[in-house]
Amino acid sequence: MTFWTYRRRDNLVGYLFVAPALLGSLAFVLVPLGMVGWYSLNEWNVLGGTFEFIGGENYARLLADEKLRDSLVATAWFAAGLVVLNLSLALLLAVLLNQKLRGTTLFRTLFFSPVLVSLVAWTLVWQLMLQPEGSVNGLLGVFGVDGPNWLRGETTAMVSVVVVQVIKNVGLNMVLFLAALQGVPAPLYEAAKIDGAGAWRRFRSITIPLISPTILLTSIITIVGSLQVFAQIAVLTQGGPGTSTTVLIYYLYQQAFQFHHFGYGATISVLLFVIVAALTLLQWQMRRKWVLHES
Amino acid sequence: MSRLTALIVAALLALTACSGSSAQSGPKSLRMTVWTANEAHLKLLNEIASEYKASHPDVTEIKFDSIPADGYTTTLTTQIAGGNAPDLAWILEESAPDFVSSGALAPIRAKVEKADELVPSAIKLWEKDGELYAYPFSTSPFGLFVNTDLVKELPKTWEQAVAASAGKNLVLPDFKYQNWAVLSAIWRGWGANAWSEDGRTCGFSSQEMKDAMTFVHKAIFTDKAIPGPGTTVDFFAGNAAMAVSQISRAGALKDAKFGWTLLPLPQGPKGDYAVIGQAGVGVLKRSKNAEAAADFLGFFTNAANSAKLAQFFPPVRQSLLNAETLAKSNPLIKPEQLQSVVIDGISKGVVKPSHQGQEELNQTIRAALDPLWKPDANVGQVLDGVCAKIKPLLERP
């Protein structure tokens, strides 16, 4: 009996095939993840060069941190506004552009093009447009509306950040919805029409159930994405006015990189990880209830 | 799972092993982080570096690494955290207390040529227990730049300055309704302070501060002299009557298409005063070449090189602080302006507010001041609110 039986050789080949990917995710995902966890148990003074184990102190601080509570509220508003606006607008555009009319290709391209623009360039242009004497207020002025100082009011700043982000990314979800819509078999609609179903009824009872897997996918992507929005905040509002747009990831950046509390910053990123994981898990569990073919 | 833990521990060990500092012998290469990307500045820095390398063959390279001023300190500390600390670094005055007190910098007094002639008030920020931890290579007083095409009568007081620029813009280029510390160039005229000398007591709720900020608020929303939040007006392009800015900005007026002059800051109710912004250069203790870096710093800041640097960065050496010497390197500014703004400014000026944990204070105060920048703001209430927010930060041990 030799050691290298067929079975063992087969296994070895298999392991070798997965090794590059496995090593990659070990080095670039699991190890950094573990290190973040380790940092969160330490007080790390970057300037002084001290690195001291403090156990759960950072986590105790997490619970007592009032600014963290503010930033969780801001994050919730941002995520809720973004998900609702993005998904409903994307679905609306997809339905409109799924009609067999002239010019739809042009509009599809138009709505998708912001996805391809560099994020920072996009945000900088919007920053100019949202100034008190910017083009947004200029346009409103044509209709006799005296526009606010968008980025300086607490509510208008949050609305601005959400809208800028929605217009940037709505095209991506729109394309996904379009693909899903085109996968809905036409005979279903015909049969429904013969049964006397109106347009709204057909949309609610045929379209929505059949594209529900895509709705699940887009909502997971959008929610996870909304919790990681950073550049827009950094460019448009720097978390202000007050702390109205200091979302969790911006607060994390402030604590770690601006205030030099790297250990506490790591603790906040553990919290962010837990929140993202929990939301994703929740949506995944809920799919049985409302996604077709999943129950 | 235990294998994963072992791996993490191994990775951490590897990391700490790499970051251990040990003196390096043989050819050395030095890196200094700076926030200027100005070609004329870099040309001068490189000239000084070449001269040093010529007499020190063991130093093969001196590299000036430009990092944008916006987020400079953040980038610098991230480099330090990542084990990629520079050998020398420019340091903004607002980060001085953090850098000096943390022990991140190496002592340099012994390397500085004629350290006794440095203006005492100008090096205070960079000292601890009698030792010098960074050399203030640029000490730049705030002054009032006036566009003489737009303003005929030069103002002596803040009241006059605001009245003369009503509707014609009095700008504070670096303020942007974010960098509140720039406002100290105004409120010092009222005798106000961000915090007490020892940094323990908040000064925002004092009567002086309330009077000064009421004046600023009125200048923005009633007199329409200071452009409102979100509006950008460029003095250096000729679009504003006046600008409160640092003298080091005068270079931007080289090709100005309008008449201009430079005045000391106008008088407030408390009379004459001056405010300065500073920048120091220090040696990172963790640098493998700390010794060589400190040696280069000594050369970089010696009297001869300070005189060269003075054309961009006002010096703190008494021997250079006379209108005659400064005039040689500042052709744009008249000798009497150099005397009244630069020389008097450096000798009697107060440095912009700085404190340990400055960045956290910056953000907290910025957020607490935001409600002030509305036409109907209650100034007193907002300022009391600032003190309520920063009290725990100031009292932190």
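**Two chains, step by step**

Modeller: Gladly! Of the 295 residues of chain A, 29% count as buried. Please keep in mind that this is a predicted model.

Biologist: What makes a residue count as buried?

Modeller: The cut-off is 20 or more other C-beta atoms within 10 Å of its own. In chain B, 43% of the 397 residues are buried.

Biologist: How do you know how chain A is built? What are its elements?

Modeller: Chain A has 12 helices and two strands. Read from the N terminus, the order is α-β-β-α-α-α-α-α-α-α-α-α-α-α.

Biologist: What makes strand 1 and strand 2 of chain A a pair?

Modeller: Pairing needs at least two bridges, and strand 1 (residues 42-45) of chain A has four bridges to strand 2 (residues 50-53) of chain A, so the two count as paired. They run antiparallel. As one example, Trp44(A) has Phe51(A) as its bridge partner in strand 2 of chain A. The two strands form a hairpin with four residues between them, and Gly49(A) in the turn has a positive phi of about 75°.

Biologist: What does chain B contain?

Modeller: Chain B holds 14 helices and 11 strands. Among its contacts with a separation of 6 or more, 76% link residues 24 or more positions apart. For chain A that share is 70%.

Biologist: Why is Gly103(B) called partly exposed?

Modeller: A residue is exposed at 12 or fewer neighbouring C-beta atoms and buried at 20 or more. Gly103(B) has 15 within 10 Å, so it falls in between and is partly exposed. You will find Gly103(B) in the loop between helix 4 (96-102) and helix 5 (120-123) of chain B. Beyond its neighbours within four places in sequence, Gly103(B) is in contact with Gly48(A) and Lys285(B).

Biologist: Which parts of chain A meet chain B?

Modeller: The contact takes 27 residues from chain A and 29 residues from chain B. Helix 1 (6-39) and helix 11 (248-258) of chain A each supply at least two residues of the chain A side. Helix 1 of chain A gives the most, with five residues. By type, the chain A side divides into 12 nonpolar, 13 polar and two charged residues.

Biologist: How do you know where the predictor is confident in chain B?

Modeller: The pLDDT values tell us: chain B has a mean of 90, and 94% of its residues reach 70 or more. Confidence in chain B is lowest in helix 1 (residues 2-19) of chain B, at a mean of 47, and highest in helix 8 (residues 207-221) of chain B, at 97. Over residues 7-23 of chain B, pLDDT stays under 50. For the model as a whole, the scores are ipTM 0.82 and pTM 0.86.

Conventions: Residues numbered from 1 in each chain as written. Chains lettered and ligands numbered in written order. Predicted model: local features only at pLDDT ≥ 70, side-chain atom pairs only at ≥ 80, totals over all residues. Contact = placed C-beta atoms within 7 Å. Nonpolar A, V, L, I, M, F, W, Y, C, P; charged D, E, K, R; others polar. pLDDT = per-residue confidence, 0-100.
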